[in-house]
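Open the model in your viewer and show it as a cartoon. The stops below say what to select next and what is there.

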Amino acid sequence: MNLWSAAWLQAGKLVAKNPTRPIAIGVNSATARSQNQLHIHLAQVNPTTLADLRAIPNPETHLDNWTKTDVVLRVNKTKSKIPRHFRVVKYTGGLPDLFGVLKRQLPATEDMADQSIGVVDAGQPNTYFVLTSNPKLGGAGTGLMDMIYGWGV
């Protein structure tokens, strides 16, 4: 079952429409979850994170190359005082099973349980920013996708 497509469909129905803070969905790493269960957050993106995503000069567009990217994004300051490193792909198409796609791309030195995964509306039909991060990612990565949400902004 593709949880990402189902979550995106539900987010479109349940998350308030706001062009300055479009839909963002995501999961935290296993180690950063506050509950002992996998759950996908349905939220709005933090406006500064969105601005940084839109400002990427030539974003990677193929999920097969997501591990080759390293983008610093400003995040929700209530969650982190410093910008964080993410792998980012600007993907067009139907959302695939990101767990499977991204697991196949991981370097041998990384574990899937350490990854946080997020999807942000890129403002064009069927186009998304797909983000991943983990605490070991260059500079200051994160296993907490909550940092990209516009909560409390």
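This is a predicted model: local features need pLDDT of at least 70, side-chain atom pairs count only at pLDDT 80 or more; totals for chains, interfaces and linings use all residues.

Six of them form an open sheet, in the order E2-E1-E5-E6-E4-E3, and the pairing is antiparallel. Strands of a sheet pair through backbone hydrogen bonds, either parallel or antiparallel. Select 41–44 and 71–73 to see the edge strands, E2 and E3; each pairs on one side only. From one strand to the next, the twist averages 35°.

Next, select residues 116–121 and 127–133. These are strands E5 and E6, which run antiparallel and are joined by six bridges. Within this pairing, valine 120 stands opposite phenylalanine 129 in E6. Five residues lie between the two strands of this hairpin, where glycine 123 takes a positive phi near 90°. Asparagine 126 also belongs to the loop between E5 and E6. Its phi is positive too, about 50°, although asparagine 126 is not a glycine.

Now show the side chains of E6. Are its residues mostly covered or mostly open? The strand is mostly covered, with seven of its seven residues buried. In a regular strand the side chains alternate between the two faces of the sheet. On one side of E6 are Thr127, Phe129, Leu131 and Ser133, and on the other Tyr128, Val130 and Thr132; all are buried.

Turn to the helices. Select residues 3–14 for helix H1, which lies across E1, E2, E5 and E6 and runs at about 140° to E1. Then select residues 47–54 for helix H2, which packs on the sheet and touches E3, E4, E5 and E6. The direction of H2 makes about 150° with that of E3.

Which residues have the most contacts inside the largest nonpolar core? They are Trp4, Trp8, Ile25, Leu63, Leu98 and Val119, in a core of 21 residues. H1, E1, E4, helix H3 (98–105), E5 and E6 each give two or more residues to this core. H1 gives the most, with four residues.

Select leucine 63 and its surroundings. Leaving aside neighbours within four places in sequence, leucine 63 is in contact with Val89, Tyr91, Pro96, Leu98, Val101, Gln105 and Val130.

Finish with the aromatic rings. A search of the whole structure finds three aromatic pairs. Select tryptophan 8 and tyrosine 128: this pair is edge-to-face, 5.0 Å centre to centre with 90° between the planes. The pair links distant parts of the chain, with tryptophan 8 in helix H1 and tyrosine 128 in strand E6, 120 residues apart. Tryptophan 8 counts as buried because its relative accessibility is 15%, under the 20% cut-off. Tyrosine 128 counts as buried at 7%.

Last, select tyrosine 149 and tryptophan 151. Their pair is tilted, with 4.7 Å centre to centre and 50° between the planes. How exposed is tryptophan 151? At 34% relative accessibility, tryptophan 151 counts as partly exposed, whereas tyrosine 149 is buried, with a relative accessible area of 0%.

Methods:
Residues are numbered from 1 along each chain as its sequence is written. Side-chain values use heavy atoms; hydrogens and water are left out. Two strands pair if DSSP finds at least two bridges between them. Axes are lines fitted to C-alpha atoms, for helices over the stretch in contact, and angles run from 0 to 180 degrees between N-to-C directions. Contact means heavy atoms within 4.5 Å. A nonpolar core is a set of buried Ala, Val, Leu, Ile, Met, Phe, Trp, Tyr and Cys residues joined through side-chain atoms within 4.5 Å. Buried means under 20% relative accessible area, exposed over 50%, partly exposed in between (1.4 Å probe, protein chains only). Rings of Phe, Tyr and Trp (its six-membered ring) pair if their centres lie within 6.5 Å; planes under 30 degrees apart count as stacked, over 60 as edge-to-face and the rest as tilted.
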